[in-house]
Amino acid sequence: MVAAASSRSEQLYNRAKKVLPGGVDSPVRYFEPYPFFAASARGSKLVTADHRTLTDYCMGYGAMLLGHGYPSVLDAARSQLDKGTLYCVPTELEIKLAELVSKAVPCADMVRLVNTGSEATMNAIRLARAFTKKKKVIKFDGGYHGAHDYVLVKAGSGAASLPASEGVLEEASAQTIVSPYNDAAELERTIERNRDDAACVIMEPVLANIGLVLPDKNYLSDVRKITQQNDTVLIFDEVVTGFRLALGGAGEFFGIRPDLATFAKALGNGFPVGAIAGSKEIMQQLAPAGRVYQASTFAGNPVSVSAAIAALSTLFEAKDSIYPQVARTCDSIVEGIREELEDIGGINCTINSIGSMYQVFFTADRVRDEASAKKADPAKFRKLFDELLRRNVFIPPSQFETCFVSYAHDEDDVDRTVDAYSEAFKKIKEQQK
């Protein structure tokens with residue numbers, strides 16, 4: 001019997017394991033028996049090393065709001081390449097991007113450009129501690145704020161223990177308090193118990209790393225009121241929601257003004273760039289104006305900043321068409337999935353969605369926090385992922401991530417995607433028998 005030839009992705013994975021720990025550079029990219037490897041991407045499509053064309057709903061875990069390879073973003077980056085890739089002195093580009101962020105984001109009196117979301121949240125917390133002269137950080141069950149010691153505690157994205165990684169000092173974790181999401185009364189009690197040492201509350205206004213979990217009505221305004229009453233800095237981690245839910249992010253979408261906000265992902269539409277934004281009073285604590293040290297060789301990198309300027313400029317110019325279109329596309333997918341589930345019957349599912357984000361949970365219960373998200377059946381979700389991938393639809397492989405729709409997804413993508421979900425649900429139902 002002749003053995004089946006291995007795929008190109010399998011070959012690459014076997015090669016990768018020899019030089020990359022676990023064969024990948026980020027654990028969320030791995031799934032059994034091995035991940036597929038990408039070769040290229042354009043618009044809503046991702047092409048694998050095995051020459052398969054997939055409709056992509058991972059979209060750089062939310063970074064590609066405009067779609068892969070958006071022309072004006074690529075043109076801006078290419079143009080800058082000829083002028084230089086790194087200066088390590090200020091550029092006018094940095095001013096322009098900061099001005100665009102300040103114009104878009106309600107709380108952004110001042111902006112510090114960084115490289116990643118993790119870098120942004122780490123330094124936002126440091127700012128809050130310096131400003132308040134307090135130590136403790138309050139976060140929420142399932143909220144993910146990067147892979148640094150301040151916040152790698154019950155952090156979603158598959159990291160659930162306390163602390164969620166070996167090598168994290170327990171002394172660091174001890175300064176982080178975890179509260180349930182969508183429970184304002186418990187947050188108030190938590191801050192009251194730590195009134196003299198609660199430096200900040202950091203939160204994803206919409207949880208996107210425990211699946212997609214939406215805030216209850218008035219919850220975010222209650223959080224804002226509680227933090228203000230207790231002189232606790234409120235940090236919105238908008239690494240996912242920033243520039244995606246609205247041009248001004250979740251702050252604009254929900255009408256809430258945090259003290260600080262952090263951004264990355266959609267800011268650069270695929271280029272590595274992040275930002276910390278907030279009130280002038282707090283932001284001026286950053287060196288060299290203040291005594292909070294934050295520095296980076298690549299901060300304000302002219303290639304990434306040029307791409308981000310192009311991305312934000314596009315959103316400013318066409319916000320009245322881009323945001324409604326992306327939301328309609330997402331709604332069409334969600335409505336189509338619901339109709340298929342109803343027609344097929346016999347599968348307990350809850351679908352959460354907002355703007356251009358959605359997720360399917362295999363549970364009959366409403367999903368409104370980490371505890372209810374974890375009631376969903378991960379085996380059925382993995383079956384869903386496998387069946388969709390067989391039909392050339394790629395969603396994030398974990399139940400505890402979120403599906404993202406881009407401006408590049410069109411009606412044909414919607415039809416093919418809903419059909420793929422329908423066929424996948426039929427296979428899941430068969431497996432239940």
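Q: Why is Lys265 called partly exposed?
A: Happy to start there: Lys265 has a relative accessible area of 26%. Buried means under 20% and exposed over 50%, with partly exposed in between (1.4 Å probe, protein chains only), so Lys265 counts as partly exposed. This is a predicted model, where local features need pLDDT of at least 70, side-chain atom pairs count only at pLDDT 80 or more, and totals for chains, interfaces and linings use all residues. Residues are numbered from 1 along each chain as its sequence is written, and side-chain values use heavy atoms, leaving out hydrogens and water.

Q: What makes Leu100 buried?
A: Its relative accessible area is 15%, and the cut-off for buried is under 20%, so Leu100 is buried. Leu100 belongs to helix H3 (residues 92-104).

Q: How do you know which residues Leu100 touches, not counting residues up to four places away in sequence?
A: Contact means heavy atoms within 4.5 Å. By that rule, Leu100 touches Ile309, Leu312, Ser313 and Phe316.

Q: Why are H12 and H13 called oblique to each other?
A: The axes of helix H12 (residues 378-390) and helix H13 (residues 411-432) cross at roughly 135° and come within 9 Å. Angles under 35 degrees count as roughly parallel, over 145 as roughly antiparallel, 65 to 115 as roughly perpendicular and the rest as oblique. H12 and H13 are therefore oblique.

Q: What makes up the contact of H12 with H13, by class?
A: Seven nonpolar, two polar and four charged residues. Ala, Val, Leu, Ile, Met, Phe, Trp, Tyr, Cys and Pro count as nonpolar, Asp, Glu, Lys and Arg as charged, and the others, Gly among them, as polar.

Conventions. Axes are lines fitted to C-alpha atoms, for helices over the stretch in contact, and angles run from 0 to 180 degrees between N-to-C directions. Helices (H or I, at least four residues) and strands (E, at least two) are DSSP runs, numbered from the N terminus.
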